[in-house]
Every structure is written in C-alpha cells, then in structure tokens.
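Please have the sequence and the model at hand.

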Amino acid sequence: MSIAHDLSDAEFDELDELLAITPEPLEPLDASMLDGYLAGVLVQPRLIPIEEWLPPIFDYEGRPLPDDVDPAWLARIRALVERRFASLNHSMLEQGWFYPVVLDLEADAADADGTAEDAAEGAAPEAAAQADAKVDANADEPVDPDAPQLPDDPITQALLPWVGGFEYAAVTFPDLHEQADDNINALLARLYRHLPAETPEEVEIVELLDKEHPLKNIDEAIEDLILTVVDLQEATEQQRYHVEQVRRDTPKLGRNDPCHCGSGKKFKNCHGAA
C-alpha cells in the first residue's frame, strides 16, 4: 500500500490562503476547520464521495461556487485537500494516530505582540494617543448578551475551530449523529466539550467530563481529541465497509441436478450447456 503524502507546512499555508480568496459572499472554512471537517467526513458510517464532501468547504452556509470560478484555483485546492484527506485516512487506519491542524495560540500571540511593538515604535505620539483612546472607548461599549462569546479557556480556544469543522461535517452528513449507539454518543460528547454549550443538558455533560476526565493542558487535550476521533473511525468502520450479500430465494442449481425446465435431462446437458 502506498503511503499518502501529507501536505508540508508551506502547502497548508497555501491552502489557507487559497480558501481565503474564495469569491464573496461565500464564507469558506479555514485550514483548521477544514481539517476537522475532513476527519468528520472520514468517520461517517458510510463512504462519502468527494463530489459530495468537497463543495461544502467553500461556504459554511452551503452556497455553491459561481459558474465562472477560476478552474486553476479550484483544481489546486482540490489537489491539496484530496492529499490531506488521503493522509488523514491512512494515518487513522494504519497508525491509529494523526496530527490535527489546531491553532497555536502562543505563536499567534507572539506574532501579534511583535507586530504591535513594531507599530508602536514607528508611530507618532499623537497616533499612539489616538489608538489608546480608541481602545478605552471600545472597552466602555456595552456587550451584546445575545452575541456569541469567545471562550476564555485556552484549550477550548485552540481546539474550537477544529472541532467546529468536525461538527459541520456531522451536520452536513447527519448519518453519524443518527447512530443509536451509546459508545458513539459518548465519543461525540468528548469532542463537543470544546464547543460552546447551548443547553442545560450540554452544560451538565461538559461539567461531568471536566470532573471525570479533566484535561490538564493543551497537549493532553490534543491527544484526547486524536484518540477520540480514531475510536469513532473504528466504531463506524464495519458499517462504512459493509458489503450487502445477495441471498437466493432458492438453492443454487448444481450441474448434475435435473434441469429446471422439466426436460428430465441434467442441467449441464440442457440449459447449463451454454
């Protein structure tokens, strides 16, 4: 079996940039959400062809690409996404492990701090004062209670896009959510603990998981995410590759049995002669 060649860091960046220039008003997935989405497709209880799972990556609301989209742009995205899809599938099946594309909050914070310091060093005193005033003004603005609140937990902040992409696949292709299987439901709960809880029941589940299976740091959380997805892949594997057997209504006719036509001859000398 040939090993699927995964994307390099540069190719992941290229894919993220290509998706970012998806024609407006479409809202494509970013690289981290896309990675979770691909995993969500792979653990479905049925094999989903690329013609079904590729279009949703270009718009979170399911709107189609315009007819005049650049074919070279689309072909390049498809090639990169197919390679990542194949690599994820190979890693899960052969190694029981994979490396998810999750946010590196420390690196992002360092980049942001460096950019801010560079801007401050080159800014005039008047501009710096205006920036400080703008920050103070924003701090005084009332918070919309209905607006989605970003999580404070750094673990959830890092994993939220990936898990959000996984859930997007599960909603787009609901076969996984429709499984009446306690094990699958428990595994999904372990993943979805990183999403904002929207109901009292979800809050209770997250609190129970945090109590019985606490995640001490981001490395432990990523490991738990990986093992949970691999367990889901194994839990649905039998259905995904199930082959329906054809059952005969009557026993198979042997060559030395009397022919079914009633001629009295053996089947091999009658209708079976051909």
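The side chains of Arg76 and Glu14 meet in a salt bridge, with 2.9 Å from N to O. A salt bridge here is a side-chain nitrogen of Lys or Arg within 4 Å of a carboxyl oxygen of Asp or Glu. This pair links distant parts of the chain: Arg76 sits in helix α4 and Glu14 in helix α1, 62 residues apart. Helices (H or I, at least four residues) and strands (E, at least two) are DSSP runs, numbered from the N terminus. Arg76 is partly exposed, with a relative accessible area of 32%. Glu14 is partly exposed too, at 26% relative accessibility. Buried means under 20% relative accessible area, exposed over 50%, and partly exposed in between (1.4 Å probe, protein chains only).

The model is predicted; local features need pLDDT of at least 70, side-chain atom pairs count only at pLDDT 80 or more, and totals for chains, interfaces and linings use all residues. Residues are numbered from 1 along each chain as its sequence is written, and side-chain values use heavy atoms, with hydrogens and water left out.

The structure holds 11 salt bridges. In general, side chains of opposite charge can pair when their charged atoms come close.

| Salt bridge | N to O distance |
|---|---|
| Arg76 and Glu14 | 2.9 Å |
| Asp6 and Arg84 | 2.8 Å |
| Arg84 and Asp35 | 2.6 Å |

Take the bridge between Asp6 and Arg84. Asp6 lies in the segment before α1 (9–20), while Arg84 lies in helix α4 (residues 71–95). The two are 78 residues apart. Asp6 is partly exposed, at 27% relative accessibility. Arg84 counts as buried because its relative accessible area is 4%.

Now the bridge between Arg84 and Asp35. Asp35 belongs to helix α2 (residues 31–42), and 49 residues separate it from Arg84 in helix α4. Both partners, Arg84 and Asp35, are buried.

Contact means heavy atoms within 4.5 Å. Not counting residues up to four places away in sequence, Arg84 touches Asp6, Leu7, Phe12, Asp35, Leu38, Tyr99, Pro100 and Val101.

Glu52 is placed in helix α3 (residues 50–53). Is Glu52 buried, exposed or partly exposed? Glu52 counts as partly exposed because its relative accessibility is 35%.

Leaving aside neighbours within four places in sequence, Glu52 is in contact with Arg46 and Phe173. The side chains of Glu52 and Arg46 are joined by a polar contact of 3.1 Å. A polar contact is a pair of N or O atoms within 3.5 Å; within protein, one must be able to donate a hydrogen and the other to accept it, and residues adjacent in sequence count only if both atoms are side-chain atoms. Phe173 is 121 residues from Glu52 in sequence, yet the C-alpha to C-alpha distance is 9.4 Å.

**Aromatic pairs**

The count comes to 8 aromatic pairs. Rings of Phe, Tyr and Trp (its six-membered ring) pair if their centres lie within 6.5 Å; planes under 30 degrees apart count as stacked, over 60 as edge-to-face and the rest as tilted.

Trp53 and Phe85 are stacked, at 4.5 Å centre to centre and 20° between the planes. Trp53 is in helix α3 and Phe85 in helix α4, 32 residues apart. Trp53 is buried at 2% relative accessibility. Phe85 is buried at 17%.

Phe98 and Trp162 are also stacked, with 6.1 Å between centres and 20° between planes. Phe98 lies in the loop between α4 and α5 (105–122), and Trp162 in helix α7 (residues 154–172), 64 residues away. Phe98 counts as buried at 2% relative accessibility, and Trp162 at 0%. Phe98, Trp162, Phe166 and Tyr192 form one aromatic cluster.
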